[in-house]
Amino acid sequence: MEKYIAAIDQGTTSTRCIIFDNKGKIIAIEQREHEQIYPKPGWVEHNASEIWRRTQEVLLGVAQKSNLESTDLAAIGITNQRETTLLWDKSTGQPVYPAIVWQDTRTDEICDQLAREGGQDRFRQITGLPLATYFSGPKIKWILDNVDGVREKAEAGEVLFGNMDTWLIWNLTGGIEGGIHITDVTNASRTLCMNLDTLDWDDSILKVLGIPKVMLPTIQSSSQVYGSIKSGPFAGVPIAGDLGDQQAALFGQTCFDIGEAKNTYGTGCFMLLNTGQNIVQSQNGLLTTVGYRIGNQPAVYALEGSIAIAGALVQWLRDNLGIIEKSSDVESLAKSVSDSGGIYFVPAFSGLFAPYWRSDARGVIVGLTRFINKGHIARAVLEATAFQTCEVLDAMNKDSGVNLKSLKVDGGMVFNDTLMQFQSDILNVPVIRPIVAETTALGAAYAAGLAVGVWQKIEDLRVNWGQGMIWHPTMNQEQRTRIYLGWKKAVSRTFEWIE
């Protein structure tokens, strides 16, 4: 009898559950959005209790749609928005403060203070990361420093920390009645607190940040049985995979060889390049991160270029300006003009991530004339994602010494042909979308399936990968160089806006 694999994909704007068969084909999918909370400029929060409710709803929904029971599932995998930080009370299961989302910039003073004492790269040799508001460690410190009574309870072991993977696994495995408090190496590598060599929490950094070790989850592999679901339609199903969303996409795209890369176009944009068992320290503004770890095998590392705002810029056009009614309308509006009319939109809404790491930057639209209409703005919005990706790829080529031959892509924006064609043009390499573009959830399902023997080895997964669509570059070199230089000039205009 065929066994199916489920994946919970807990993203920045929604939570999904997808059930796959052993060929990696989607059997059923259920999705629910959750509220985005903006208490102050630069602050972004989520209600973690709402996310837990949405998770229960999608599990129920996908069970009803698929007519599958717990005995039909071999395992379930979890993938999640990374860096989003939650502290909760161990005895009540209630969050002590809203989840602070990865995009949130409230920790800039903490990061500046830490940088003054040792430079922006003071922890990079250990963690692979620069000091930035992006990561979980400074967010944990902010909550401990600013929410009354939490530090004392954390030191007494009464308050737990987790990213969304840890929160969901703890709740799914029983919560206050014996829930398992774990994370995996990929999520831990995004906290600014994990040692890339030892794959464990680094005591020296915890001391500097003032984070009690007792509140941190145990770090496990990305593919192993952690425990089983305690209640609901899939009670008894083992939870056997856990990967941060971008690493899950790398895994789902079967980028198992050194030099293979993928780019995910979601709320933000994230390019990962497999560097094998080598920890490659970036000289060009990229992050060094864990790609995945299967069972007891050595960890596989990656270089990552993180872009804060990609699909979120389309949502901003929809929600804040009302220029489009739904996100998919951006393509037809962009196609109403032949080019951007000479304007550039640099979406440094929460500073610039890779390769700049400038928290003082803010968004700009430059080159405006009376000629510009909303079509040009829509086109500049799409082009911004492609330009940012190009900067990351340049950095990756320099760091790795490997020139990428093609780029595998996934995520919500890859169904936008105008964007994908422009991406291929500006990169000057083919851009390839797989048949199953839900590679984040697929990666989590693969990790879970490997742990319970649905697949025997990672090579078995390559068979499932199929090319869906390919875009080839058509732009001439002179035009490519000219518009890319214009982008660089536009980026320089965003610097030092915040004093």
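Pro355 sits in the loop between β19 (344-346) and β20 (364-366), where strands are DSSP runs of E of at least two residues and helices are runs of H or I of at least four, both numbered from the N terminus. A cis peptide bond links Ala354 to Pro355, with omega at about -5°. The model is a predicted one, so to speak of local features a pLDDT of at least 70 is needed, side-chain atom pairs count only at pLDDT 80 or more, and totals for chains, interfaces and linings use all residues. Residues are numbered from 1 along each chain as its sequence is written, and side-chain values use heavy atoms, with hydrogens and water left out.

Two other spots in the backbone deserve a look. Asn67 has a phi near 55°, which is a positive value in a residue other than glycine. Its place is the loop between α1 and β5 (73-80). Asn67 counts as exposed because its relative accessibility is 67%; here exposed means over 50% relative accessible area, buried under 20% and partly exposed in between, using a 1.4 Å probe and protein chains only. Glu496 also carries a positive phi, near 60°, and is likewise a residue other than glycine. Glu496 turns up in the segment after α16 (477-492), and at 58% relative accessibility it counts as exposed.

Next comes the packing of α1 on α6. Helix α1 (residues 48-66) and helix α6 (residues 164-172) pack at an angle of about 60°, and their axes are 11 Å apart. The axes are lines fitted to C-alpha atoms, for helices over the stretch in contact, and the angles run from 0 to 180 degrees between N-to-C directions. That angle makes α1 oblique to α6, given that under 35 degrees counts as roughly parallel, over 145 as roughly antiparallel, 65 to 115 as roughly perpendicular and the rest as oblique. On the α1 side, the contact (heavy atoms within 4.5 Å) is made by Ala48, Ser49, Ile51, Trp52, Thr55 and Leu59, and on the α6 side by Met164, Trp167, Leu168, Asn171 and Leu172. Sorted by class, the contact of α1 with α6 has eight nonpolar residues, three polar ones and no charged ones. In this scheme Ala, Val, Leu, Ile, Met, Phe, Trp, Tyr, Cys and Pro are nonpolar, Asp, Glu, Lys and Arg are charged, and the others, Gly among them, are polar.

Ala154 belongs to helix α5 (residues 150-155) and counts as buried, since its relative accessibility is 0%. Leaving aside residues up to four places away in sequence, Ala154 touches Leu144, Val159, Pro212, Val214 and Met215. From Ala154 to Ala447 there are 293 residues in sequence and 32 Å in space, C-alpha to C-alpha. Ala447 comes up again among the residues that Ser222 touches, which also include Asp184, Thr186, Asp242, Tyr292 and Arg293. Ser222 is placed in the loop between β12 (218-220) and β13 (223-228) and is buried, its relative accessible area being 0%.

Arg116, by contrast, counts as exposed at 62% relative accessibility. This arginine lies in helix α2 (residues 108-118). The side chains of Arg116 and Gln113 are joined by a polar contact of 2.8 Å, meaning a pair of N or O atoms within 3.5 Å; within protein, one must be able to donate a hydrogen and the other to accept it, and residues adjacent in sequence count only if both atoms are side-chain atoms.
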